[in-house]
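Subject: Structure handover

Hello,

Here is the structure you asked about. My notes follow below it.

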Amino acid sequence: MIVLKLGGSVITEKDRPETLDGDALARAADAIAALEGDEDLVVVHGGGSFGHHNASEHGITTTAGTHDASAALDVHGAMKTLNQFVLGRLLERDVEAVPVHPFSAGRRDAEGNLQLPTGQVETMLTEGFVPVLHGDMIAHAGEGATVVSGDELVATLARALEADRVGLCSTVPGVLDGEDAVIDRIDDFDAVADVLGASEATDVTGGMAGKVRTLLALEAEASIFGLEGLESFLAGENPGTTID
Ligand SMILES: Nc1ncnc2c1ncn2[C@@H]1O[C@H](COP(=O)(O)OP(=O)(O)OP(=O)(O)O)[C@@H](O)[C@H]1O
Ligand SMILES: C=C(C)CCOP(=O)(O)O
């Protein structure tokens with residue numbers, strides 16, 4: 001069982017609102033379609049230039065919510081638009097991709113912890129589908145609705161489904177050190193904290209520091225790599241940075 005996140009920074013042009021990077025998405029879809037064997041795959045995608053701009057305009061983050069349904073739907077609608085593009089590129093390649101919209105499926109409790117039932121995802125997998133989730137809005141006790149990042153969804157799914165492998169395909173070839181070289185392995189947040197930054201583009205969910213923190217908390221080993229590493233990751237290798 002593999003849980004794979006396609007970073008919004010890879011599949012969109014993150015600096016230009018609601019702009020797809022069609023070539024990059026096609027390459028990612030090619031790599032997924034080439035996955036051999038009968039390994040289960042769950043795909044999660046991030047927002048990139050879809051979702052983050054809308055959330056930022058409304059002042060919505062993962063902790064600061066809104067009770068304004070039209071603001072929530074603005075962000076959710078942008079993410080559904082991107083989800084349609086991702087599904088479309090996968091379907092064109094005969095990947096049996098089906099959507100799961102987290103806004104309709106999960107919630108956060110008053111402490112902000114994500115609760116995401118996964119029965120539908122498990123049944124989809126058993127029936128031969130590739131579930132495709134995405135960063136989204138989510139009902140949040142006491143806050144209205146907040147943003148849930150694709151990274152959080154990956155971590156929650158990996159735990160619930162007992163994933164063997166977790167991959168984050170981003171726009172960088174891995175986590176970079178102070179000299180921009182890829183760090184091979186990270187097992188301690190403090191050892192790398194000073195090189196981990198936010199995203200360079202509009203991003204309400206935490207950039208690289210948030211990713212490393214989230215992945216370190218997982219039991220399964222995880223990899224962060226660029227588009228050029230996606231095929232080898234799906235083939236069982238460990239491109240980029242391994243987080244354990
Ligand atoms: N030490 C680091 N190594 C690599 N990237 C870093 C580092 N510090 C900060 N970054 C930034 O983190 C970005 C990746 O995080 P980002 O959240 O944008 O990725 P994503 O998950 O692909 O996109 P999205 O959040 O839209 O889904 C890089 O593009 C880079 O700007
Ligand atoms: C709704 C939004 C902003 C999606 C956030 O998902 P991410 O790009 O994985 O951080």
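Helices (H or I, at least four residues) and strands (E, at least two) are DSSP runs, numbered from the N terminus. This is a predicted model, where local features need pLDDT of at least 70, side-chain atom pairs count only at pLDDT 80 or more, and totals for chains, interfaces and linings use all residues. Residues are numbered from 1 along each chain as its sequence is written, chains are lettered from A and ligands numbered from 1 in the order in which they are written, and side-chain values use heavy atoms, with hydrogens and water left out.

Ligand 1

α1 (8-11) and α8 (207-216) each give at least two residues to the shell around ligand 1. The top contributor is α8, with three residues. The shell holds 25 residues, with Gly 8, Ser 9, Lys 14, Val 195 and Lys 211 closest. A residue is near a molecule if one of its heavy atoms lies within 4 Å of it. Next, polar contacts (pairs of N or O atoms within 3.5 Å). An N or O atom in the side chain of Ser 9 is 2.5 Å from an oxygen atom of ligand 1. For the side chain of Lys 5, the distance from such an atom to a ligand 1 oxygen atom is 2.9 Å. A polar backbone atom of Gly 48 lies 2.8 Å from an oxygen atom of ligand 1. Alone, ligand 1 exposes 640 Å², and the protein buries 91% of that. Areas come from the Shrake-Rupley method with a 1.4 Å probe.

Ligand 2

Ligand 2 has 14 residues around it; Lys 5, Gly 47, His 52, Gly 150 and Thr 205 come nearest. A polar side-chain atom of Lys 5 is 2.9 Å from an oxygen atom of ligand 2. The side chain of His 52 places an N or O atom 2.8 Å from a ligand 2 oxygen atom. Gly 150 uses a backbone N or O atom, also at 2.8 Å from an oxygen atom of ligand 2. Taken alone, ligand 2 exposes 330 Å², of which the protein buries 98%. α4 (69-92) and α6 (150-160) are the elements that give two or more residues to this shell.

The sheet

Eight strands form an open sheet with mixed pairing, in the order β3-β6-β2-β1-β9-β11-β12-β10. β3 (97-99) and β10 (185-186) are at the edges with a single partner strand each, so one side of each has no neighbour in the sheet. Strands pair if DSSP finds at least two bridges between them. β9 (165-169) and β11 (222-225) run parallel, joined by four bridges. Cys 169 stands opposite Phe 225 in β11.

Best wishes

How values were computed. Polar contact = N/O pair within 3.5 Å; in protein donor to acceptor, adjacent residues only side chain to side chain.
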